[in-house]
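Each answer below sets a computed value against the definition behind a term. The sequence and structure come first.

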Amino acid sequence: NATGSFTFTLTQDKSKADIIATEYSDANSQAAGLAETETNALTNRISHVDVKLNTYYLLNSQYGYTMDRIVHTAEHELGHAIGLDHDDSETSVMESAGSYHGIQEADIAKVKELYSK
């Protein structure tokens, strides 16, 4: 949170959480991670996000996920949770492949742009 745009507070009480991070295992999914977003229709602001990491891919050695790639996958999904979209135009944690890069200066600049309005 180098941008200062957010204050993240950990809680064990799901009813108080705006972002819930969980894991699941699904061989039929094409994704190593998902961010299911709910948006307030009146304000057009994100109101809740479930970030789900697919252990079927992330923990199966045949898919080649190192600990760095697992962390980058989580960072990517949390990027969606704060409103970032895929961006394949530059090196970014938000590239649609999602797990080869950590948070980059381009990602920080997009957060600042998104939340400076």
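Helices (H or I, at least four residues) and strands (E, at least two) are DSSP runs, numbered from the N terminus. The model is predicted, so local features need pLDDT of at least 70 and side-chain atom pairs count only at pLDDT 80 or more, while totals for chains, interfaces and linings use all residues. Residues are numbered from 1 along each chain as its sequence is written, and side-chain values use heavy atoms, with hydrogens and water left out.

Q: Which elements supply at least two residues each of the lining of the largest pocket?
A: They are E1, E2, E3, H2 and helix H3 (105–115). The largest share, four residues, comes from E3.

Q: What makes a residue part of the lining, and how many residues line the largest pocket?
A: On a 1 Å grid over the protein atoms alone, a pocket is an open set of points where a 1.4 Å probe fits, with protein on both sides within 12 Å along at least five of seven lines; lining residues have an atom within 4 Å of a point. The largest pocket is lined by 33 residues, and Phe8, Asp18, Ile19, Ala81 and Ile82 lie nearest its centre. Its space is about 1000 Å³, where a volume is the space filled by probe spheres set on the points, joined across faces, edges and corners.

Q: How does the lining of the largest pocket divide into nonpolar, polar and charged residues?
A: There are 15 nonpolar, 11 polar and seven charged residues. Ala, Val, Leu, Ile, Met, Phe, Trp, Tyr, Cys and Pro count as nonpolar, Asp, Glu, Lys and Arg as charged, and the others, Gly among them, as polar.

Q: Why is histidine 72 called buried?
A: Buried means under 20% relative accessible area, exposed over 50%, and partly exposed in between (1.4 Å probe, protein chains only). Histidine 72 has a relative accessible area of 16%, so it is buried. This residue is found in helix H2 and touches Val93, Gly98, Ser99, Tyr100, His101 and Gly102, not counting residues up to four places away in sequence. Contact here means heavy atoms within 4.5 Å.

Q: Why is aspartate 13 called partly exposed?
A: Its relative accessibility is 32%, so aspartate 13 counts as partly exposed. Aspartate 13 is found in the segment before E1.

Q: Why is asparagine 44 called exposed?
A: The relative accessible area of asparagine 44 is 65%, so the residue is exposed. Asparagine 44 lies in the loop between E2 and E3, and its phi is near 60 degrees, a positive value in a residue other than glycine.

Q: How do you know that E2 and E3 pair?
A: Two strands pair if DSSP finds at least two bridges between them. E2 and E3 have seven, in the antiparallel sense, and form a hairpin with six residues between them. Alanine 35 stands opposite valine 51 in E3, and glutamate 38 opposite histidine 48.

Q: In which sense do E1 and E3 run?
A: They run parallel, joined by six bridges. Glutamate 23 stands opposite leucine 53 in E3.

Q: What span is expected of helix H2, and what does it reach?
A: The expected span is 1.5 Å times one less than the number of residues. H2 (residues 67–81) has 15 residues and reaches 21 Å from its first C-alpha to its last, close to the 21 Å expected. Glycine 83, with a positive phi near 105 degrees, follows H2.
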